[in-house]
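I opened this notebook to record what I looked up among the charged and aromatic side chains. The entries follow in the order in which I made them.

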Amino acid sequence: MGRRCGSASLSFAAMALAHTKTRAPRPRAGLLLPRPALLAAVQQALDAHRVLLLCAPAGYGKTALLTQALADVPGDWAVAWVALDEGDDLGRLLDCLFAALEPFDPPWRTAPEGLRDTALRGGPEIVTAADAMLNALEACEVDRGLIVLDDVHHLVDPASLQFLDRWLARMGERWRLVLSARHEPALRLARLRATGELADLGPAELALARSEVAQLAQAAGLDDSAAAGLYERCQGWPAGLRLALGAGQRLPAAIDRATFDYLAAEVLDRLEPGLRAFLLRTSVLHELDAARCQALGEDAHAAQWLAEMERLALFVTVVDLAPHTLRLHQLFRDMLQQRLRQEQPDLHRQLLERAALLETDALRRQGLLLAAGRPERAAELLLADGALLMNQLGAQGLLDLTRRFDTAFAESNPELHRVKALSLWVLWEAQQAEWHLSRAESLFTARGDEAGLRSSRAHRSILLIAQGRLHEAEALLRDLDPFALSGELRRLTLLGRTWHALESCRFDAVAPLFDALVAELLQQSSLEAWYTGSPAPRQISCHGMAPAMDRWYRGAMQVLGDRPLPFGVNAHMAQAWNLFWQGRLVESQQLLARAEADAAWFGRLIIARNHGQALHALLDLIAGRHESALHLMRLRLAEHVPGYGAWGEWHATFFMSRMAAACGDRAALSDGLERLARVGANLSDLAMPYRPRPLLGLQAQLAALDGRRGEAIAAWRGLLADGESGDLLGQLNEARLRLAAALLAGGDRAGAAQALAPALARREPGGLMWAVPLLLQMAAEDWSGLLDAADVARLRSWAEGVRPATVAMVEAAAAPVDERLSQREAEVIAQIAAGASNKHIARALDLSPHTVKRHVANILDKLGLNSRGEAAAWWRDRQASTRPGTLA
């Protein structure tokens, strides 16, 4: 028998997935008619063709046939099973595939969650994700592989079909794909048929032959004449034949789907009343086990009734043994639910709602509530679980759940508008997200829901700020006093006020507000609260932010734990920026590398890429790589997310212009100032007091580059005279440093000391990092009698911290590839070379399976390898030329 999918789950995505969807049903001895010729045909198809399609209406035994066929698969084959349900789409298909393939340790180069998010962006991204998965399959350490998609007719969304078409066209020779369906799926199968790569088994092949019907009839005590009549009536349809043999009545002239329901009802009515009632009530469950049935409201006889159902072969399949779990055939389950609706409609609705509360699968839970006529409850739960589902399913997956509601209901439900806003916010679609929150406000107002209204307003204020619509945001925040509120509303209001202070150029007010926000966050462990409170680089650069940021990062790490979530990328990236502004460059670069490696593992994270590009550019600036720094800034501006509108573009342009000035690129700085004027003309809030003040620093540096020293000095002094309003991205400290250097060059040492002193009174260098050569120059000067000794000592300690860090950054970039393996990665590759699976490595090294997968991806990327086998060979070769247990 081939290697089977065990109980392994896939990170957080698989937590929202019923594990029975990736468990092949278990063959049951004595209950299935042996069909050696048909099984031989299946095996021949698997040997000779890349794709096998079993296509026949319900009740033709497709799943039973595959169950028997898998029992005969050679032991060195990898077998992955996926059972598809109505409503499944590309996201669900991918979740199932990742979970089903988990036992075979595919060497993913991007996290499955990241591949899922990539695919759900649609278009060419589907092809990108499909190819990445195929590459991982090809690199699997298995001789042959078989992937079964049972009931693939449930996949009707264009994205799923595009994905499967890509797989059908590109899947390698070592893997086989089996599709079972009630009707032919809308896939491009014609070419596969024409080239002989597809084998078809349809109703003609799956139907019971006359001899097989006679064999079953004889076993049931019928004579040859009755057997012949039975065959004529059922025409070999296995489900109809099975019911006809158990119905105990005169058979109709023919047996079709309608007759099946009729005969099934007859079988149901002949059952013991307790079992009949149990079947009807539990038909609302997707799978049946004793504990789940009792939680639904059944008594202690649940296990007894389940055993009786299996003994009577009442169209059930065993899908798990621990706990013992059954699944009803969909034909029989449909009939039972129809009868329950007819006989006890109120009870049916109550049971559906009760079953929903037992369901951990988000899509199934929502479907049960919608079937129960409780869309409002489904929407409430979707909002309550929004942050968790965001990490499980991704923003696109969460949006997809909102689309499954009735259109009219979705338009009128404020909770769904808030869920859509949450998803769109993460996708950086601020304008669309704000529109949905505006709708939510109106709907909460109409409902008289004050709490919902306030939460929507607090959220909306943040999105308005992100678009530069500060007057509107201020009006919303004016009625929300954070210190008179509590819980989520207090945190959201503090966050809104923090951002409003930042965007209104009240930079000195940012750190105290953020400190209060951190105090609130540290009192609870909600992932959503910490995620929405993630600070951005402009905020982190504000004066006094370092202590609060350090506390925020420690708290974020505690909440995150060892959970592999995208929030960790945001947290590491934010702390990398915090370390940069503190002048701890090596630590900053190391944490940036970790954040970017995690971001690559999770797939394309827009915010992480944006913030990472900017920090890389600053590190390049300090290392003297000016062309690289300017290239990154231009790329960042070119990739500006349209959803953040002109205000986001203004800030990206400002950052690029600062970089041009720091690199001494006069033309790029001039172009940046012109673009800032053009973009700013479209910003209604730009006329607010102090908003234009940060431009003075750029104008001062343009004058300096032009040789207009006097104008530059005057502009820097003007900027400093305005105080905090010009301190965007640490610009005041940079201005103090450049002014001091200009005055010193003119022979005014006292004026230079006076200009520099306020920068040295701060706890961290901050904006001085924009001009490290000048920082080093000032540290080398003799300031005796002009600056306080403690300030001079601080200046020189900053310089001493920066100088070796610059050298270390250059050396790290030139390090040989094989020296970049960390100690933990060396331990992992040694385990791989010893033949250990990811699961065994996790146990041996006390790591989570997800962390092991991450290390494997790192190893393959760093060494330029494609598979675990290549990594094992590399390690053995390496060990042969070095002392055991060491890396040369």
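Is Arg-109 buried, partly exposed or exposed, judged by its relative accessibility? I found a value of 30%, so Arg-109 counts as partly exposed. I note at the outset that the model is predicted.

**Entry 1. Arg-109 and its partner**

I looked up the partner of Arg-109 and found a salt bridge with Asp-861, in which the closest N and O atoms are 2.7 Å apart. This pair links distant parts of the chain, as 752 residues separate the two. I placed Arg-109 in the loop between helix H3 (90-101) and helix H4 (112-120), and Asp-861 in helix H45 (residues 849-863). Asp-861 has a relative accessibility of 45% and therefore also counts as partly exposed. For the structure as a whole I recorded 62 salt bridges.

**Entry 2. Arg-327 and Glu-287**

I next examined the salt bridge between Arg-327 and Glu-287, whose closest N and O atoms are 3.7 Å apart. I found both Arg-327 and Glu-287 to be buried.

**Entry 3. A pair within one helix**

Arg-824 forms a salt bridge with Glu-827, and I read 2.8 Å between the closest N and O atoms. Both residues lie in helix H43 (residues 823-833); because they are three residues apart there, about one helical turn separates them. I noted Arg-824 as partly exposed at 31% relative accessible area, and Glu-827 as partly exposed at 28%. I then looked for salt bridges that share partners and found one network that joins Lys-21, Asp-85, Asp-88, Arg-92, Glu-287, Asp-289, Arg-292, Arg-327, Asp-361 and Arg-364.

**Entry 4. Lys-62**

Which side chain of opposite charge is nearest to Lys-62? I found Asp-151, at 5.4 Å. Lys-62 is buried yet has no salt bridge; the cut-off for one is 4 Å. I located Lys-62 in helix H2 (residues 62-71). A polar atom of the Lys-62 side chain lies 3.2 Å from the backbone oxygen of Pro-57. Leaving aside neighbours within four places in sequence, I listed the contacts of Lys-62 as Leu-54, Ala-56, Pro-57, Ser-180, Ala-181, Arg-182 and Leu-206.

**Entry 5. Aromatic rings**

I turned to the rings and recorded 13 aromatic pairs. Trp-577 and Phe-580 are both buried.

Trp-577 also pairs with Phe-655: the centres are 6.3 Å apart and the planes are at 80°, so this pair is edge-to-face as well. Here the pair links distant parts of the chain, with Trp-577 in helix H31 and Phe-655 in helix H35 (residues 645-663), 78 residues apart. I found Phe-655 to be buried, as is Trp-577. One aromatic cluster is formed by Trp-577, Phe-580, Trp-581, Phe-655 and Trp-770.

**Entry 6. Charges over rings**

I checked Trp-770 again and found Arg-658 over its face, at 4.3 Å from the ring centre. I also recorded Arg-749, whose charged end sits over the ring of Trp-783, 5.5 Å from the centre of that ring.

How values were computed. Residues numbered from 1 in each chain as written. Predicted model: local features only at pLDDT ≥ 70, side-chain atom pairs only at ≥ 80, totals over all residues. Heavy atoms only, no water. Phe/Tyr/Trp six-rings, centres within 6.5 Å; stacked < 30°, edge-to-face > 60°. Buried < 20%, exposed > 50% of the residue type's maximum accessible area, 1.4 Å probe, protein only. Helix = DSSP H or I, 4+ residues; strand = E, 2+ residues; numbered from the N terminus. Lys NZ or Arg CZ within 6 Å of the ring centre and 35° of its normal. Lys, Arg positive; Asp, Glu negative; His and termini not counted. Polar contact = N/O pair within 3.5 Å; in protein donor to acceptor, adjacent residues only side chain to side chain. Contact = heavy atoms within 4.5 Å.
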